[in-house]
Every structure is written in structure tokens, then in C-alpha cells.
Amino acid sequence: MPEANSEPIVALRDVHQSFGDVEVLKGVSFGVAKGGVVCIIGPSGSGKSTLLRCINGLVPIKSGSIRVADFEVHNLHTDQEKIALRKEVSMVFQQYNLFPHKTALENVMMAPIYVLKEDPKEVRERAIALLTKVGLAAKQDAYPGELSGGQQQRVAIARSLAMRPEVMLFDEVTAALDPETVKEVLNTIRELAREGMTCILVTHEMRFARELADEVLFTDGGTIVESGRPAELFDHPRKDRTRAFLSQIL
Amino acid sequence: MQLVWDWFRWLNESTGINLTIFYDQFDRSRFASGFLMTVKLSVICIVSSVVIGVVGAWIQGSRLRVARTIVHWYIQAFRNTPPLVQLYFFYFGLGSLLKAAGGGPLITNVTWAIVSLSFFAGAFNVEIFRSGIEAVPRTTLEAAESLGFSRAQAYLRIVLPLAFRISLPALNNNLVNLVKTTTLAYAIAVPEMLYVSSQIWSDELNVPVMMNVLLICYFVLVGILVYLMHRWERAIRVPGFGI
């Protein structure tokens, strides 16, 4: 549980972003305390995924500020600065995006070896430990094409954790999975959150968001319409738009 | 060995199938040197055209507009003109401008054939590798970036290995074509297999026989290339990726 008054590890202030003439983010502000779990919900096209991509600098922002740990994300220009940021913030994608020509173990080992330049032997031990943690020690030599969607996603989570990030971003990580495998991925994330990892999740899993989140943000049309503790937001939404959205999916 | 040569001599005397390239020592050695010249042309051109392809595809993805434009026009020039015309252009056009001190050609016809054929096949290879690079999902590259890979590392470790696997079938086709196109070097008197064969059939008047020999030789040569490429394709195949 986050401490009430601690300095947020992630802080966004008035973030604007547009693709051409289309304004995707229209002034988004929020903070995440260290060890906190924030879930972002909202209809497709509301800018949720873009928001995550802005936080780890994959997408540059138009105006506003984003701070992650000691990094001013909006002020990173060189590749070196961005690479330094990405050691702190790791991202897991909807489509897993594993490297198909590498085994599960190699997928986990690659970034620490080539980006952090760590000792391959030590990385290997850690990678096996991480695969064990996500329940896939037996699959370490399998290629992504030989794994189920849920297994691939858990490898992807292990791959991100291998960078020892401070913050994990999850972009609709269960959206491409069938209901049964969703559970195994959510269990992995739940365990991480309980261990105190700072997590920002874009998700459509409302029950999961309610159980795990310290705060839920409802976004629509590029702004945060409403935010609050999950119990408040799900049971007593204040805005009509939130109510309409929740009534559609709950 | 002499027994084999004698058998071919007997074959000629009894059936009229005149394979002088076996029983006549002079024809045997000039056909062998033609065969080796074809192999040499093929191997050198395959290697250099693949290098041109990789480098060209890499330049096409660069941020330098000038470099991209040059590669673009290079591809247009070599794809839109017949390879025979290109050979003539290099050998008679450029070659006549480049004279050595004594007045002789500075660059031999063999070298011109290698240059010309390599650029010809290289133009197609650039397009083949570029399409392979573009077929690597953008999201895979994004994942690499989000793990802190630099652009160069991501290209070297992830994009290129995948692009190469995607490109191989199309590359096979182009390299097979390249081996067959080496026969055009005949036109600038490069003593490769077709050229020496035509010399042999002029001397021995065994035209139909030599044409069959040529057909079989190219069939075997290209067959070996295809076999090697398929073995390689299988060796680097990754489960669940590609076809």
C-alpha cells in the first residue's frame, strides 16, 4: 500500500498529445505513488494506450510534463536519455510482442545482456528464476510460436521484470486472451502488485481493477472524466458518462 | 579414366552422339574452364549482390534523404532496363572511356560482367530485403525500444534476423535468376559455359548435342543452389514464425 504523503514516482501534468489534427490527449494529469496500482479504463480510442506510450517516451508529447522517478520524460531528447528511462519503466503489450526467433529464456535474457551489459551467467540465473516465478520454467527453451497466448504474455512480463524496473506499464495485456488464460496472467500481475511493484494498467478487466487498484481513472475523449478509489468509482460514479460506460460493461 | 573417354569415343562412332568435351582433351579443358568461369561468375555475383541488397535496404531506411534518393534511382535504372543492355553499357559505354596507359582496356570484360550482373541482381535484392524489413511488425520494434534497445541494437538483434527469414524465399528466386543471367556475359566474350560451348559446336559441328549438355549443366548448377538455399532456410527456421 502506498504511503499517503509520499512523493509520487510517476507524475503527469496537463499532458497534451495529437496525431496530425486529431488531439488524442487533452490535458491529462495524475500521479502514482511508489508501490501504487492505478488502473485506466475507458472506451477504445480514448487515448489510454497513447498515455502509456507517453510515460515511457515511446511517443513524444506536445505540451505538459511527465516525470518518472528522476526523469523529466518530456525533456528527453537523445537516445541515451530515453534508454536510461526505459531501464526504470518497462512495458507489457496487448500482443505480447515477444521476439519470435528467440526462445522464452533468450527473450528474457536479451535486454539485460545487451542493454544493461550484465554478465550473461548471472542474467541466465535471474531469467530462469523469473520464468519460474511466472510458472514457465519448463518452457524456457520453447519459441514464442510454440507457446499459448497466456504463456507468451507471462514470458513478456518476465522479460520486462528482467530489467528490474521501478514502474511497470500494462497495455490491455489480457485483451487478446481467452477467458481461461486471462486468469493466469492476472495472477502474475496480482503477485507483482502485492510485492510492491508500481503498476499502471490499461484494462477492461473491471473486477480485477476493483480488486487491485488503489485508484481507477476513467478516460474518454482524451481526458480523465473521473477518478477515485475503485469502490467509489464503480459503485457510485458521479458523472453521467462514467455511469453510461459502466452500465455497458458491468 | 581413359576407359571413360574411350567409351565416349565409341558412343560417337556407333550412335553419332558426339561428346568431344569428354574424349577430346582440348575440348575437355576448354569446357571445364567455361564451367568453372560460370561457377566463379555466379558465386562472386551472388555474394556481392546480397551485400548490395543489405546495404541498399539499410540506406533506404536512413534519415538522409539524398542517400535514399540515390538508392531509389539506382533501383529504377537497373530494374527498368534489360540486363543485356546494361552489360553493353558497362563494357562498350563505360569501358571504352576507361583506357589504360597503353591504350588497352583498364577493366577486363570478366570484371565488367561481374560489376554489371551484381548491380542488376543487387537492385532486386534491395527491394527484397526492404520488403522483409517492412514485414517485421512495428510493434516488435516498439517492444525492443521499450526494453531500452538502441535503434542500431534493435535492427541488428531483432529486425534483421526476422527480415532475413522473411526475405529468403524471394531471395532464392532472384539468385536462381542471377545464375541463369550469367549466360548473357557471352555477349561481351566472357569465356563462360555458353561461350565455350558455342566455340566447341562451331569447331565440331555438334550443335544439338552441346545444347543438351548446356541444358543439363545449368539444371544441375541451379539445382545445387536451390538445394543449398532450402537447407539453409530449414536450418534457420523458427517454430511458429513464417510459413
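Predicted model: local features only at pLDDT ≥ 70, side-chain atom pairs only at ≥ 80, totals over all residues.
Start with chain A. Chain A holds nine helices and ten strands. Its C-alpha trace spans about 55 × 45 × 40 Å along the principal axes. A compact globule with 250 residues would have a radius of gyration near 18 Å, and chain A agrees, with 18 Å. Of its 250 residues, 48% count as buried. Among the contacts in chain A with a separation of 6 or more, 64% come from residues 24 or more positions apart.

Now the sheets of chain A. Strands of a sheet pair through backbone hydrogen bonds, in either the parallel or the antiparallel sense. One open sheet of chain A has four strands, in the order 2-1-4-5, with antiparallel pairing. Strand 2 (22-33) and strand 5 (71-72) of chain A each have a single partner strand, so one side of each is left without a neighbour in the sheet. Further in, strand 1 (residues 8-19) and strand 4 (residues 63-68) of chain A are joined by five bridges and pair in the antiparallel sense. To find this pairing in the model, look at Arg13(A), which stands opposite Ser65(A) in strand 4 of chain A.

The other open sheet of chain A has six strands. Their order is 6-7-8-3-9-10, and the pairing is mixed. Strand 6 (89-92) and strand 10 (223-228) of chain A are the edge strands, each pairing on one side only. From one strand to the next, the twist averages 20°. Within this sheet, strand 3 (residues 37-41) and strand 8 (residues 198-202) of chain A run parallel and share four bridges. Here Ile40(A) has Val202(A), in strand 8 of chain A, as its bridge partner.

Helix 1 (residues 48-55) of chain A packs on this sheet. Helix 1 touches strand 3, strand 6, strand 7 (167-171), strand 8 and strand 9 (215-220) of chain A. Its direction makes about 150° with that of strand 8 of chain A. How enclosed is helix 1 of chain A by the rest of the structure? Six of its eight residues are buried, so helix 1 of chain A is largely enclosed. The buried residues are Lys48(A), Thr50(A), Leu51(A), Leu52(A), Cys54(A) and Ile55(A). Just after helix 1 of chain A comes Gly57(A), with a positive phi of about 75°.

Next, the contact between the chains. Chain A gives 23 residues to the contact and chain B gives 20. On the side of chain B that touches chain A, helix 7 (138-146) and helix 8 (151-181) of chain B each supply at least two residues. By class, that side of chain B has nine nonpolar, seven polar and four charged residues.

Finally, chain B itself. What makes up chain B: helices, strands or both? Chain B has ten helices and zero strands. Its C-alpha atoms fill a box of roughly 75 × 50 × 25 Å along the principal axes. A compact globule of 243 residues would have a radius of gyration near 18 Å, but chain B has 23 Å. Of the 243 residues of chain B, 33% count as buried. Residues 24 or more positions apart make up 73% of the contacts in chain B with a separation of 6 or more.

How values were computed:
Residues numbered from 1 in each chain as written. Chains lettered and ligands numbered in written order. Pairing = 2+ DSSP bridges. Axes fitted to C-alpha atoms, helices over the stretch in contact; angles between N-to-C directions. Contact = placed C-beta atoms within 7 Å. Buried ≥ 20, exposed ≤ 12 C-beta atoms within 10 Å, placed from the backbone. Rg over C-alpha atoms; globule rule 2.2 N^0.38 Å. Nonpolar A, V, L, I, M, F, W, Y, C, P; charged D, E, K, R; others polar.
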